[in-house]
Amino acid sequence: MLVNEYVRNQAGELSATGPVGGETVISSDLESAWLKICAGLRRDLGAQIFGQWIKPIKLSGFDSDAGVLDLELPSEFAATWVRDRYADRLLLAWKAHYPAVANLTFETRSGAAKIAQLSQNGSARSKTTGAAPSESKFRLDLDPRMTFGQFIPGDSNVLALNAAQRTAAAEKPLFSPLYLQSSTGQGKTHLMHAIGHAFREEFPTSTIIYMSAERFMIEFVSAMRRNEGMEFKASLREADLLMIDDIQFIVGKNSTQEEFLHTVDSLISQGKRVVVAADRPPQALDGVDQRLLSRLSMGLVADIQSAGLELRRDILNHRLSTMPHQHVSEEVVDFLARTISRNLRELEGGLNKLLAYAQLTGREISRELAEEQLSDILSACRRRITIDEIQRTVCEYYRLDRNEMSSKRRARAVARPRQVAMYLAKVMTPRSYPEIGRKFGGRDHSTVIHAVKLVEHLRGEDSEMDNDVRMLLRQLES
């Protein structure tokens with residue numbers, strides 16, 4: 001049994017340690033490639049996500065004959081999570097840095113059976129059965145959770161949702177291509193997977209291709225190097241439904257753009273369906289050939305706006321409805337929905353991390369636990385709202401003079417808005433109780449604690465008070 005040395009680099013402690021036997025040996029070349037891959041993933045994913053999911057991975061073993069690389073994680077939960085969300089990205093990175101890796105498996109530290117194996121054509125198969133992939137060059141690898149039934153509608157995404165459903169329907173759509181546009185983590189990828197699921201159900205024998213623009217470029221360049229360019233092009237143009245995600249990453253690659261343009265033209269002329277997604281509108285894609293921009297703009301450009309507070313709440317509640325054994329209070333749901341507002345992927349990731357931590361440690365899920373365990377996400381997402389801004393907004397809402405926030409008057413018409421402002425200062429800023437007290441006329445921290453608890457209680461008992469607080473939260477968050 002061979003054991004690799006512990007490897008470190010600037011990206012963090014990147015372990016390539018693991019038991020291997022027979023011919024499954026981790027070479028220094030593999031370790032070197034893994035360091036480069038980790039450095040790139042840390043840059044692309046950010047330190048928080050990298051540290052939580054990628055950093056714990058260990059290279060367990062490599063079968064050079066089969067091209068199978070085993071990745072080891074500390075738990076089945078982590079192995080499943082990484083496989084479902086980062087397997088394709090990891091495989092593409094390995095293909096770029098160490099082409100001998102054709103398949104990835106994900107397993108737990110205990111050496112349990114492999115969770116899944118991802119082959120270089122994007123298909124999942126069992127390592128134990130050795131089942132061969134389909135002869136089709138591009139295998140469809142859709143997330144079973146990303147269906148239309150699991151997509152939560154709201155005002156911000158209704159156009160994109162309706163367009164996606166129409167694209168997947170039996171009737172020929174009125175537009176092609178469908179161009180889905182939104183900032184990161186607002187649901188573009190979910191809709192593309194949902195289109196794939198629905199289209200496959202409607203047309204079981206159809207050919208569906210879904211890939212990222214990054215994978216499209218790697219596959220194209222790889223095919224050209226193998227003198228298989230014609231086969232690659234023919235495979236693409238056989239698609240009944242072609243979906244390319246993150247099309248903004250295709251910019252500046254002239255030969256790739258040219259091939260993509262011809263593919264889109266060919267499919268549209270045949271009445272086939274094309275869906276692309278990007279984080280910006282077609283006109284904002286710098287370095288893209290004007291002819292390609294014209295093709296991308298000729299269908300329907302469906303914009304997904306940032307999810308509002310109510311939609312974020314609905315998404316969290318829907319997620320929790322599938323986990324009846326997990327209890328999360330409305331206070332925590334409301335806190336997460338208000339605080340993690342940048343994108344829905346961070347929102348769901350934050351909830352999953354909180355649930356996993358509570359399950360593994362036995363601690364009750366509370367707002368204090370959320371603040372403790374999600375500090376990195378929360379600090380990055382919080383808009384820098386000041387206590388002065390809160391006081392000004394509360395006074396305008398209740399039609400009070402700004403001086404009343406610091407006055408000694410105890411009349412209910414003044415004291416209650418002041419207590420609401422203290423409550424908002426606590427939930428919307430990182431300030432401590434003593435700091436908040438000083439901003440309200442030098443009041444003691446115990447006064448602020450009482451105000452926060454009182455408003456929390458009143459929100460559960462008095463619908464008018466809860467509505468006031470919700471309205472103020474919306475004003476401040478906007």
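The expected span of a helix is 1.5 Å times one less than its number of residues, and helices here (H or I, at least four residues), like strands (E, at least two), are DSSP runs numbered from the N terminus. By that rule helix α5, residues 188-202, which has 15 residues, reaches 21 Å from its first C-alpha to its last, close to the expected 21 Å. The model is a predicted one, in which local features need pLDDT of at least 70 and side-chain atom pairs count only at pLDDT 80 or more, while totals for chains, interfaces and linings use all residues. Residues are numbered from 1 along each chain as its sequence is written, and side-chain values use heavy atoms, with hydrogens and water left out.

**The chain as a whole**

- The secondary structure of the chain comes to 19 helices and 14 strands.
- Of its 478 residues, 50% count as buried, where buried means under 20% relative accessible area, exposed means over 50%, and partly exposed lies in between (1.4 Å probe, protein chains only).
- The accessible surface of the chain is about 22,600 Å², and carbon and sulfur atoms hold 49% of that area; such areas come from the Shrake-Rupley method with a 1.4 Å probe, and for residues only the protein chains shown count as cover.
- Among contacts in the chain with a separation of 6 or more, 69% are accounted for by residues 24 or more positions apart, a contact being heavy atoms within 4.5 Å.

**Helix α5 and its surroundings**

- Helix α5 is mostly covered, since eleven of its 15 residues are buried, and these are K188, T189, H190, L191, M192, H193, A194, I195, G196, H197 and F199.
- The buried residues of α5 pack against helices α4 and α12 and against strands β10, β11 (208-212), β12 and β13 (273-278).
- A163 is found in helix α4, and this alanine counts as buried because its relative accessible area is 4%.

**Helices α10, α11 and α12**

- Helix α10, residues 309-321, has 13 residues that should span 18 Å at 1.5 Å a residue, and its end C-alpha atoms are 18 Å apart, which agrees.
- The buried residues in α10 are L309, L311, R312, R313, I315, L316 and L320, and what covers them includes α11, α12 and α19 (463-477).
- The axes of helix α11 (residues 330-339) and helix α12 (residues 344-361) come within 10 Å and cross at roughly 140 degrees; axes are lines fitted to C-alpha atoms, for helices over the stretch in contact, and angles run from 0 to 180 degrees between N-to-C directions.
- The contact between these two helices is made by V332, L336 and A337 of α11 together with L347, L351 and L354 of α12.
- The residues of this α11 and α12 contact divide into six nonpolar, no polar and no charged, with Ala, Val, Leu, Ile, Met, Phe, Trp, Tyr, Cys and Pro counted as nonpolar, Asp, Glu, Lys and Arg as charged, and the others, Gly among them, as polar.

**Helix α1**

- Helix α1, residues 28-45, has 18 residues and reaches 25 Å from its first C-alpha to its last, close to the 26 Å expected at 1.5 Å a residue.
- The buried residues of α1 are L30, E31, A33, W34, L35, I37, C38, G40, L41 and L45.
- Helix α1 is followed by G46, which has a positive phi, near 95 degrees.

- Most residues other than glycine have a negative phi, and most peptide bonds are trans.
- A cis peptide bond, with omega about 5 degrees, joins S176 and P177, and P177 is found in the loop between α4 (158-168) and β10 (178-181).
- N227, which is not a glycine, has a positive phi of about 60 degrees; N227 lies in the loop between α6 and α7 (229-237), and counts as exposed because its relative accessibility is 69%.
- D246, also not a glycine, has a positive phi of about 55 degrees; D246 is found in the loop between β12 (241-245) and α8 (254-269), and is partly exposed, with a relative accessible area of 25%.
- R215 lies in helix α6, residues 213-225, and counts as buried because its relative accessibility is 4%.
- The C-alpha atoms of R215 and D245 are separated by 9.5 Å, with the two residues 30 apart along the chain.
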